[in-house]
Amino acid sequence: MNNSRFPENFMLPEAGFLDCIRRMVFMKKMKLLAAVFLFIWVWMGVSDDSLAGSFRYPLDEDGELVIVIDPGHGGKNLGADYNGFLEKEMNMTVANAMYAELAKYEGITVYMTHTSADTDMSIQERADFAASVNADFLFCLHFNMSPDNKLFGSEVWVSAFGDQNREGYRFGCVQMETMKEMGLFLRGVKTRFNEQGSDYYGILRFCEEYEIPAALIEHCHIDHDTDVEFCDSEEDLIAFGVADATSVAKYFGLRSESLGVDYGSYDVPAVNAGEVYVQADITDPDICMIEEAYLDLERRIVGVTVTATDYDSPMLYYSYSIDGGETYTPYLAWPETDIMAGFSPDTFTFEIQVPDNISPAVVVRAVNQYDRYKESNLLTGFPVFVSTPEEIISPGPDMFEDVSGPDASDGSPAAGFKRPEQKEQPERDTSFLEFLKLCLFAASLLFIALLITNLLTAKKRRQKRKPPKRR
């Protein structure tokens, strides 16, 4: 009996058929291996930034999106009180406008922690309320003011920890873009620690304990002329509420038929799990030096070149003194800073219009994103500026004098802050996912090389093989 799967008169070629079978088996293995590689590459592509970029909010069990609006202060806690502005009332006006605007969007439920500016409510109670309604995000609304009324601009404070840091950063980026469109100066997305190493702001700290992402929005400063024009009427405050609601809609990818908008494809910054995107800077800028750029005696102008940098945060403001540091100008915006990109130029030149009968002694303060400053060297030796060049008095002997001597680090305002040691940029560890990508890329190259080699070898074998003899 013939137990083979071939007829009795079937004759196998000497080698060709077996080679063919081997090649078929090899090619099946190669196809299987290729499919495995393709699956891994697709999985990695989906599990990396693409997933992070499309993430909108942590869905509840019922799939409902719930946000909470928290008007800052209230009751006996007035908040900022300056020149006719009362923050608790301003916050409530913005919150009501934000609530009304969000009501125009589909697929969202909105709560307010309180609806009257006269309500006394602790910070813990606000976070407790957000947890009780299973909130996906809490937005705490505020206005700002600063010591000596120096600061201006809009900022967002977020938690320093975990997903609350990452999602707070993502919303903060959207909110900063909205504030920029309104014309406000940007102070960025920031975080801050208390003495215990937790979040400084209670609403962020308590929400972080509940694992609820939160953002504390400081719309602008009510005590600075640069910002007052944005908040000095009810219409301005309502505009802030509408802008906040638009930021929320963009962040969550909401749509509104009544408004005719759909933010489903809005590009929210992507984040990677495990990374921290907002870090506090508790040190002064690292470098601040000045030198004379030019002198125009006829127009009584001194050009000053500033070189300053901070290795932890961008520069935000500068101010200068022409009396050796006794008095300073109001803060001025650092030129060409891109706060959301974390960039500020290291060097720029500005002009000082010198008053009559003054020989300026110039000092510059460079101020970083966290409002910490460093004073420059003292620039002296200029002539006494008068209205006509013929009357100019000769300069003194010293053009440059460094104020960072033995008494310059005592922490006093006149001496400046202590010069910190230069901080090195921390190197990021290569993640396991990046290492896996590199390995798979190398393996893919090896796979392609083996495939090409096999095909070339098979071709040579076919060329050398003689046709089988007929019987």
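Hi everyone, let's start with Asn368: leaving aside its neighbours within four places in sequence, Asn368 is in contact with Asp281, Thr283, Asp284, Pro285, Asp310, Ser313, Pro314, Met315 and Leu316. Contact here means heavy atoms within 4.5 Å.

Some background before we go on. This is a predicted model, in which local features need pLDDT of at least 70 and side-chain atom pairs count only at pLDDT 80 or more, while totals for chains, interfaces and linings use all residues. Residues are numbered from 1 along each chain as its sequence is written, and side-chain values use heavy atoms, with hydrogens and water left out.

Back to our asparagine. Is Asn368 buried or exposed? Asn368 counts as buried because its relative accessibility is 0%; buried means under 20% relative accessible area, exposed over 50%, and partly exposed in between, with a 1.4 Å probe and protein chains only. The side chain of Asn368 also makes a polar contact with the side chain of Asp281, at 3.3 Å. A polar contact is a pair of N or O atoms within 3.5 Å; within protein, one must be able to donate a hydrogen and the other to accept it, and residues adjacent in sequence count only if both atoms are side-chain atoms.

Asn368 belongs to strand β16, residues 363–368. Helices (H or I, at least four residues) and strands (E, at least two) are DSSP runs, numbered from the N terminus. Where does β16 sit in its sheet? The order is β14-β13-β16-β17, an open sheet of four strands with antiparallel pairing. At the edges are β14 (332–333) and β17 (373–375), each pairing on one side only. Two strands pair if DSSP finds at least two bridges between them, and β13 (315–321) is joined to β16 by six.

You'll find Asn194 in the loop between β7 (186–190) and α5. Asn194 counts as buried because its relative accessibility is 18%. Its side chain reaches the backbone nitrogen of Ser198 at 2.8 Å. Beyond four places in sequence, the contacts of Asn194 are Asp199, Tyr200 and Arg205.

Finally, helix α3 (123–132), whose buried residues are Arg126, Ala127 and Ala130. They lie on the same side of α3 because they cover an arc of only 95 degrees around the axis, taken from the directions from the helix axis to the C-beta atoms. Their cover includes β1 (66–71), β5 (137–144) and α5 (202–209).
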